[in-house]
Amino acid sequence: MSMEVRVADLVGRTLARLGVGHVFGVVGSGNFDVTNALIHEGIPYTAARHEGGAATMADAYSRMSGKVGVATTHQGCGLSNAITGIGEAAKSRTPLIVLTADTQGAAVRSNFKIDQDALVRSVGAVPERIHSAETAIADTVRAFRTAVNERRTVVLSLPLDVQGATAADLVHTVEVREAARIRPDSASVEKLAALISKARRPVFVAGRGGRGARENILALARHAGALVATSAVASGLFNGDTHNLGISGGFSSPLTAELITDADLIVGWGCTLNMWTMRHGRLISPGTTVVQVDVEDASLGANRPIALGVLGDSALTADDALDALRRIQPAPAEKYRTEQTALDIKQRARWRDVETPDLSTAASIDPRVLSRELDSILPANRIVAVDSGNFMGYPSQYLAVPDEFGFCFTQAFQAIGLGLYTAIGAAIAQPGRLPVLGAGDGGFLMGISELETAVRLKLPLVCVVYNDAAYGAEVHHFAENHGPGDLASVSFPETDVAAIARGYGADGVTVRTLEDLQPVRDWVSVLHEGKQERPLVIDAKIASDGGAWWLAEAFQGH
């Protein structure tokens, strides 16, 4: 006969058995017991300074580790504090569990009483709850499977009166089943192979849904004579391939944009080809055939007209399409994969290889010059996180990453202030890599409370703050139509971010010239010796770029 245990313990033990990887949270009275239950089951826990930080740390961890992360919050205000991070995760379709307390059903006048399910639903996440002691295990398993099998962010509410109830300990009976992969139907595969065979300049663009299909897509591309590229969230996926264009969209170098525009066939692999990835459609020339491969029918043609939508897993679809293509075209075709194209890509596909004028002044450094130099100084085995703002193209394109697990891009909600949280979660997911954050001064200061978390964790985290003393995107967006006085609301006095960082216990350096980067080199030397246990904040006073090259693209969608 099974012993009776509290529901809070059952939920924690069930999640542990299902295989969650890490818990991030701010603990209050409502989520104290269930958080401790997870810790007692051996799940590592990181205490954040704000629930918004915990939610995005868990999101980044899930994206970069391949395991399900958990964020845990107090009822009511704890959950509402986390809602922006939850919205980002939901829009990004991150498999994530937000484990939150909830008020008792009868506590209608509780200070913490809100309609948690409605709040969660409003940002695109899936509300689930522990309904009773008897259903606690089944409710938890359902929430977990929804997160994993449907790639959803699930908020699991645990009412206080249910938490304290007891039920039979049957956690040992819980089964862990992996989601089935969707194989495309043969007719769709034959149509895809026919379109690839007819194309003269095919380009394959992989998104988040293509991240597990690198070798499958590359095998098809090499036989088809196709170039490969990624959306921003899959950056690094095709590293090492001679015909890899890098990021498609607003961050594209001139050569990358030119080669994609010249394509007569574009195939999106787990990529919705949205306004960012296709520059509002301008990367698709008139007459270009567009195909999408996705596991969700609703994603096919969601952002632009397509000639063919293939419902299927990217890896399985690429394998089947290669088999079908070989029947039509036994030998590999050169097409777009020429030696000259490979040479052009090697020399000009990355922005750091594109010659640009130096905008530096005596008091400020050109962000492109800064980013090029940091790319050379910082170890190559890195994981880059990027906040949102005018600066964001510089770390995204100038700081190379080793693979698709080296770039964490929490930008689906376009919220500034998530960058530092992202960097911490990504660092915990990939502890063998140097975490690097690219942030603007506005976003960095918005989330700076978590710098203490990085210091407490002894993370050797490099925070590159592109400091223009403004919300730079807004300054450049509105500058043409408004006078200087109107921009006062988005401009600030110069802030000594390096000094603030030192107050948190991090190392801080102010950079206005290349010579000012020597302390960064010294910090890296200590890192190489295995002795670096302090974050480094680089307060880079950047020269105005007049509005970054990608900014005009971005604001067309606002």
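In the counts of residue classes below, Ala, Val, Leu, Ile, Met, Phe, Trp, Tyr, Cys and Pro are nonpolar, Asp, Glu, Lys and Arg are charged, and the others, Gly among them, are polar. With that in hand, let us walk through this structure, which is a predicted model.

We can start with an open space. The second largest pocket holds about 450 Å³ of space. It is lined by 21 residues, and those closest to its centre are Asn 239, Asn 244, Leu 245, Gly 246 and Arg 350. Sorted by class, the lining of this pocket has 7 nonpolar, 10 polar and 4 charged residues. Which elements supply at least two residues each to this lining? They are strand E11 (244-247), helix H13 (339-348) and helix H15 (393-398). E11 gives the most, with 4 residues.

Keep E11 in mind, for we meet this strand again in a sheet. Strands of a sheet pair through backbone hydrogen bonds, either parallel or antiparallel. Here, 6 strands make an open sheet with parallel pairing, and their order is E11-E10-E9-E12-E13-E14. E11 and strand E14 (308-311) are at the edges with a single partner strand each, so one side of each has no neighbour in the sheet. On average, and ignoring direction, neighbouring strands of this sheet are turned by 15° against each other.

Look now at one pair inside this sheet. Strand E12 (residues 265-269) and strand E13 (residues 289-294) run in the parallel sense and are paired over 5 bridges. Trp 269, for example, has Val 293 in E13 as its bridge partner. Helices lie on this sheet too. Helix H12 (residues 314-328) packs on it, touching E12, E13 and E14, and the direction of H12 makes about 140° with that of E12. Helix H11 (residues 254-261) lies across strand E9 (202-206), strand E10 (227-230), E11 and E12, and runs at about 110° to E11.

Two packed helices are described by the angle between their axes and the distance between the axes. Helix H3 (residues 51-65) and helix H5 (residues 83-91) have axes 8 Å apart and pack at an angle of about 25°. Angles under 35 degrees count as roughly parallel, so H3 is roughly parallel to H5. On the side of H3, the contact is made by Ala 55, Thr 56, Asp 59 and Arg 63, and on the side of H5 by Gly 85, Ile 86, Glu 88 and Ala 89. By class, this contact has 3 nonpolar, 2 polar and 3 charged residues.

Rolling a probe the size of a water molecule over the atoms shows where empty space is left. How many cavities of 30 Å³ or more does a search of the whole structure find? The search finds 1. The largest cavity holds about 60 Å³ of space, and its lining is made up of Arg 63, Met 64, Arg 208, Arg 211, Val 233, Phe 407, Cys 408 and Phe 409. H3 and strand E16 (407-408) each supply at least two residues of this lining. By class, the lining of the largest cavity has 5 nonpolar, no polar and 3 charged residues.

Terms used. Residues are numbered from 1 along each chain as its sequence is written. This is a predicted model: local features need pLDDT of at least 70, side-chain atom pairs count only at pLDDT 80 or more; totals for chains, interfaces and linings use all residues. Side-chain values use heavy atoms; hydrogens and water are left out. On a 1 Å grid over the protein atoms alone, a cavity is a set of points where a 1.4 Å probe fits but cannot get out, and a pocket is an open set with protein on both sides within 12 Å along at least five of seven lines; lining residues have an atom within 4 Å of a point. Grid points are joined across faces, edges and corners, and a volume is the space filled by probe spheres set on the points. Axes are lines fitted to C-alpha atoms, for helices over the stretch in contact, and angles run from 0 to 180 degrees between N-to-C directions. Angles under 35 degrees count as roughly parallel, over 145 as roughly antiparallel, 65 to 115 as roughly perpendicular and the rest as oblique. Contact means heavy atoms within 4.5 Å. Two strands pair if DSSP finds at least two bridges between them.
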